[in-house]
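This report walks through selected parts of one structure, from a sheet and its helix to a ligand site and a hairpin. Please keep the sequence and the model in view while reading.

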Amino acid sequence: MSQATFPAVGIDLGTTFSAVARLDDMGQPITLVNAEGDRTTPSVVLFDGEDVVVGKEAMKALATEAGQVAECAKRDVGSRVFHKVIEGKHYPPEVLEAWILNKLRVDAAGQIGPFEKVVVTVPAYFDEVRRKATQDAGYMAGFDVLDIINEPTAAAVAFGYQRGLLSPGGEIAEPMKILVYDLGGGTFDVTVMKIGGTRFTALATDGDVRLGGYDWDQRLVDLVAESFIREHRLDPREDPVTAGKLWRECEDAKRTLSARAKASIACDYRGVSARVELTREQFTEATQDLLDRTRFTTVQTLKAAGLDWPAIDCVLLVGGSTRMPMVREMLHQLSGKEPDASVSADEAVAHGAALQAGLILAKRQGRPGRFKVKNVNSHSLGVVGTDPLTNRRRNGILIPRNTPLPVTAKRTFKTQKANQKSILVQIVEGESPSADDCTQIGKCTVQNLPAQLPAQSPVDVLFHYKPNGRLKVRVSVPETNRQTDTEILRENSLSKEHLDGWRRYICEKEPTDYK
Ligand code: AMP
């Protein structure tokens, strides 16, 4: 197959909903509907005996077979196993993500024919481990992942496209600074970007991978449950099926409260029925602390970009949860500007990913791209060193957060003992000076050092961090000719053998009758 025949496909793999887009013949991003005819697919997996069902049906099963359903797997990506045991099985979260991606692939292929190459998006605040796990999920779902890009960057690219900035002659002379506030189902990201000509440059990024619409839902679930306990001395959250039903009711009420001043939530448990009435004001009050967390991060990110509000031309809203009026009001009050909701909250990220896929495929054919993207890293990257005075494990940072990518950084450490046979380099991600408060993302070892190497011999550690947020490490001992070039060995990551096994298993289940 020649490059020209590859469709440019982008996937927004969301915590609660996912979306797929492709570029049409004119290079315009369009959303592909799923087999059910919907523009987004619930990121929910039902294990029903031998069958694995993804999407709307799986979401419905939360109300009847909650124990067999995996939802919000993206929140656990980076951990070894999903927090919930399903039918006695401990699934790695990236395997659950692979089932979701597989459904998206099969449904999209039903319309555009079989394809493999995709760009998948991740929250800008995803660390290296989570990015690798997402890439692995793509592989297990039968994809060739061209790139992993940040959701806010994708949204900004879609915004640029919509504003005509990517068409010939459409580029703006005056650089524009935008703040992308992205509150989805399970994650929150804020990124400050500069758009100049056709170049998209991230200036600073921050976020929370465990904060999203789901937490607003849970707050409602707790409110209703507490009222139920007060009146009937029963906790409906105890039973997984009742809890699943209640969550769906609450998510629905939350959406109603975005459009109306009042909503009611029904709850039936052990033959008792109750209905709780809630106003938008009460909802806002009950979730104020969640909103405040996003406000704090927004202010910090603006500061990290070295800007103030008058310098921001546009506050761009992305993610389904930005439909909550409290979000818009808070941002308006903070920035003094009306937030911009002109890109589709649910589809902009997938559209940006499709544009990025188009860019990569064009470049591979030797054609110039329509735009350029420059990112920053969202977490500091360092190496564990030992403080000679206190003997404590310290985080020796090589690449501070918000450094423009790609970047290569070198730092020299010292061997500890004379005659050391090998050197273990542990790589950590995080801001704390104490290595124990950071996430260990991997390690590599330089073996077979020559005999008689004195203590305190220099060891050079070189990091090369790529724009897709993936890391390469080189460790060398200048006094010898020993060197390792390594893709780091990651904690909690599946082996190639396991990945291939899952890929065969997941992809085998797909229907073969493509049009
Ligand atoms: P995303 O991951 O961007 O698709 O966002 C999904 C989140 O947006 C879920 O938590 C939804 O409950 C939430 N959401 C979607 N529509 C609305 C709405 N009208 N009001 C409040 N939240 C919404």
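## Basis of the description

Two strands are taken as paired if DSSP finds at least two bridges between them. The model is a predicted one, and the features below should be read with that in mind.

## A sheet of three strands

An open sheet is built from 3 strands in the order S6-S5-S7, and the pairing is antiparallel. Strand S6 (51-54) and strand S7 (69-71) take the edge positions with a single partner strand each, so one side of each has no neighbour in the sheet. On average, and ignoring direction, neighbouring strands of this sheet are turned by 20 degrees against each other.

Between strand S5 (residues 44-48) and S6, which run antiparallel, there are 4 bridges; within this pairing, Val-45 has Val-54 in S6 as its bridge partner. Helix H2 (residues 93-112) packs on the sheet and touches S5, S6 and S7, while the direction of H2 makes about 100 degrees with that of S5.

## An aromatic pair between strand and helix

A pair of aromatic rings is described by the distance of the centres and the angle of the planes. The structure holds 9 aromatic pairs, and one of them is formed by Phe-47 and Trp-99. The ring centres of Phe-47 and Trp-99 are 6.5 Å apart and the ring planes stand at 85 degrees, so this pair is edge-to-face. Because Phe-47 belongs to strand S5 and Trp-99 to helix H2, the pair ties together parts that are 52 residues apart in sequence.

## The ligand site

Which residues are closest to the ligand? Of the 14 residues that surround the ligand, the closest are Gly-185, Glu-251, Lys-254, Ser-258 and Gly-320. For Gly-185, a backbone N or O atom lies 3.2 Å from an oxygen atom of the ligand, whereas Ser-258 places a polar side-chain atom 2.6 Å from a ligand nitrogen atom. The side chain of Arg-323 also takes part, with an N or O atom 3.2 Å from a nitrogen atom of the ligand.

Taken alone, the ligand exposes 500 Å², and the protein buries 91% of that area.

Strands S17 and S18 form a hairpin with 6 residues between them, and the two strands pair in the antiparallel sense over 6 bridges. Across this pairing, Val-383 stands opposite Gly-396 in S18. Asn-391 lies in the loop between strand S17 (381-386) and S18; although Asn-391 is not a glycine, its phi is positive, at about 65 degrees.

Pro-406 is located in the loop between strand S18 (393-399) and strand S19 (407-414).

Terms used:
Residues are numbered from 1 along each chain as its sequence is written. This is a predicted model: local features need pLDDT of at least 70, side-chain atom pairs count only at pLDDT 80 or more; totals for chains, interfaces and linings use all residues. Side-chain values use heavy atoms; hydrogens and water are left out. Axes are lines fitted to C-alpha atoms, for helices over the stretch in contact, and angles run from 0 to 180 degrees between N-to-C directions. Contact means heavy atoms within 4.5 Å. A residue is near a molecule or strand if one of its heavy atoms lies within 4 Å of it. A polar contact is a pair of N or O atoms within 3.5 Å; within protein, one must be able to donate a hydrogen and the other to accept it, and residues adjacent in sequence count only if both atoms are side-chain atoms. Accessible areas come from the Shrake-Rupley method with a 1.4 Å probe; for residues, only the protein chains shown count as cover. Rings of Phe, Tyr and Trp (its six-membered ring) pair if their centres lie within 6.5 Å; planes under 30 degrees apart count as stacked, over 60 as edge-to-face and the rest as tilted.
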